[in-house]
Amino acid sequence: MNVLMITNGYIKNALKLGSDATFTLGDLDKIKTDNDTVSRSKYVWNMVLTQEGGGANNAKVLKDLSEYLEKLNNDVNPDLNSRKEIVGDNPDVIDGKPYGNNILKYPDASHGTGVAGLIGAKRNNGYGIDGVADNVRIMSIKAVPNGDEYDKDIASAIRFAVDHGAKVINMSFGKKISPHKDWVDAAIKYAAAKDVLLVQASGNDNQDVDAKPEFPNDNFLDGTTSDNLISVDASAWKQDTTLAANFTNYGKNTDLFAPGVKVTSIDEDAEFNTADGTSFASPITAGIAALILEYYPKLTAAQVKEAILASATPLKGVMVYKPGTHDLVDFTTLSKTGGIVNAYKALEIASKMKGERKKGD
């Protein structure tokens with residue numbers, strides 16, 4: 001981060017830019033210099049912006065990196081007190097007592113708002129984006145104070161959503177440790193018993209989750225797995241070597257890809273924001289699940305998952321960069337299905353299924 005901040009200053013000086021101005025990959029070509037420091041700075045930013053892809057600028061790179069580093073710090077910081085200040089109970093004791101409040105709008109509400117917009121922004125409103133699902137209600141649950149995801153809160157949030165009528169739960173969060181995984185496993189099984197589908201962002205660490213698991217996941221401590229959870233990786237928009245987003249997690253313990261690069265949604269100020277992340281690939285997939293249940297409400301969570309996974313046609317022979325590297329691999333090796341979710345095909349498959357949902361679920 002320090003290297004980028006320092007070299008950012010040298011590039012701005014070379015381009016004679018103001019403090020709030022930005023530069024792109026194309027702007028670097030304008031720099032002609034014999035100064036070794038400026039040349040090295042240009043080299044660093046050329047690599048960074050090339051990897052980020054067209055349209056990226058220095059401000060976005062620095063913002064994304066700052067947020068990522070903050071999340072990493074929060075994930076492993078034992079002194080972080082955001083949750084303690086909000087909740088105040090013992091996160092290592094699960095006692096079944098209800099807790100929380102009805103305050104949803106915080107200064108950092110843009111992430112959840114963007115996620116919700118992708119699922120259900122009202123269509124044809126003459127204002128902006130259309131949500132994937134055309135008739136859906138959003139239950140907003142803030143289970144993560146500031147990147148410090150506690151198993152107790154995740155398990156309680158899943159159970160709360162299930163008990164209050166959710167049919168699809170989107171989970172645009174993840175972490176690398178799960179000291180009380182049994183609590184989360186039990187909550188996922190509870191959702192399965194109530195026929196509720198969970199859709200999970202696979203994570204943004206260009207990590208093979210088969211080797212280094214991300215949590216929550218559907219590989220339970222008792223050796224069983226779930227049929228009501230979908231793990232989603234992020235894809236870009238071109239069927240070329242960059243099709244798998246350079247940041248996305250991947251592996252046969254993930255199910256499929258969905259758009260997650262330069263995805264546009266709304267933020268808490270009703271403005272538009274374009275961002276990257278499996279956090280946005282996940283709600284696109286959750287929106288498709290909601291769309292299926294809207295038209296075929298008798299399908300079970302397992303059947304909806306089956307339809308969504310079957311819609312992802314394996315892209316065999318499409319060679320892509322393995323996330324985080326320039327090693328070429330077959331796209332089909334990066335997830336269980338080897339494909340990208342397809343809403344039209346998922347609905348078509350769902351239309352041919354005989355609903356097995358029990359009355360009352």
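Q: Is D195 buried or exposed?
A: In this predicted model, D195 is buried, because its relative accessible area is 11%, which falls under the 20% limit for that class.

Q: Where is D195 found?
A: D195 belongs to the loop between α8 and β2.

Q: And what is phi of D195?
A: Phi of D195 is near 60°, a positive value in a residue other than glycine. Most residues other than glycine have a negative phi.

Q: What about phi of K16?
A: K16 also has a positive phi, near 55°, and is a residue other than glycine. K16 sits in the loop between α1 (2-15) and α2 (25-28).

Q: Is K16 buried or exposed?
A: K16 is exposed, since its relative accessible area of 75% is over the 50% limit.

Q: Which peptide bond is cis?
A: The bond from F215 to P216 is cis, and its omega is near 0°. P216 lies in the loop between β2 and β3.

Q: Turning to the sheet, in what order do the strands run?
A: The order is β1-β2-β3-β4; these 4 strands form an open sheet with parallel pairing. The edge strands are β1 and β4, each of which pairs on one side only. From one strand to the next, the twist averages 35°.

Q: How many bridges join β1 and β2?
A: Strand β1 (residues 168-171) pairs with β2 over 4 bridges, in the parallel sense. Within this pair, I169 stands opposite L198 in β2.

Q: How does the chain cross from β1 to β2?
A: The chain passes through helix α8 (residues 181-193), giving a β-α-β crossover that is right-handed.

Q: Which strands does α9 lie across?
A: Helix α9 lies across β1, β2, β3 and β4, and runs at about 130° to β3.

Q: How many residues are in the largest nonpolar core?
A: The largest nonpolar core has 35 residues, and the members that touch the most other members are L197, I230, V232, L256, I292, V304 and I308. Two or more residues come from each of α6, β2 (197-201), β3 (229-235), β4 (256-259), α9 (278-295), α10 (301-311) and α11.

Q: Which element gives the most to this core?
A: Helix α9 gives the most, with 8 residues.

Q: What does I292 touch?
A: Not counting residues up to four places away in sequence, I292 touches L299, V304, A307, I308, A346, L347 and A350.

Q: What other core lies apart from the largest one?
A: Another core, of 21 residues, lies apart from it, and its members include V144, I154, A161 and L198. In soluble globular proteins, nonpolar side chains tend to be buried together.

Q: Is T337 buried or exposed?
A: T337 is buried, because its relative accessible area is 14%, under the 20% limit.

Q: What does the side chain of T337 reach?
A: The side chain of T337 reaches the backbone oxygen of D255 at 2.8 Å. Beyond residues up to four places away in sequence, T337 touches D255, L256, L309, A312 and P314.

Q: Lastly, where is Y127?
A: Y127 is placed in the loop between α6 (110-120) and α7 (151-163). Y127 is partly exposed, because its relative accessible area is 47%, between the limits of 20% and 50%.

Q: How many residues apart are Y127 and K189?
A: Y127 and K189 are 62 residues apart in sequence, and their C-alpha to C-alpha separation in space is 40 Å.

Terms used. Residues are numbered from 1 along each chain as its sequence is written. This is a predicted model: local features need pLDDT of at least 70, side-chain atom pairs count only at pLDDT 80 or more; totals for chains, interfaces and linings use all residues. Side-chain values use heavy atoms; hydrogens and water are left out. Buried means under 20% relative accessible area, exposed over 50%, partly exposed in between (1.4 Å probe, protein chains only). A polar contact is a pair of N or O atoms within 3.5 Å; within protein, one must be able to donate a hydrogen and the other to accept it, and residues adjacent in sequence count only if both atoms are side-chain atoms. Contact means heavy atoms within 4.5 Å. A nonpolar core is a set of buried Ala, Val, Leu, Ile, Met, Phe, Trp, Tyr and Cys residues joined through side-chain atoms within 4.5 Å. Two strands pair if DSSP finds at least two bridges between them. A crossover is right-handed if, with the strands pointing away from the viewer, the path from the first strand over the helix to the second runs clockwise. Axes are lines fitted to C-alpha atoms, for helices over the stretch in contact, and angles run from 0 to 180 degrees between N-to-C directions.
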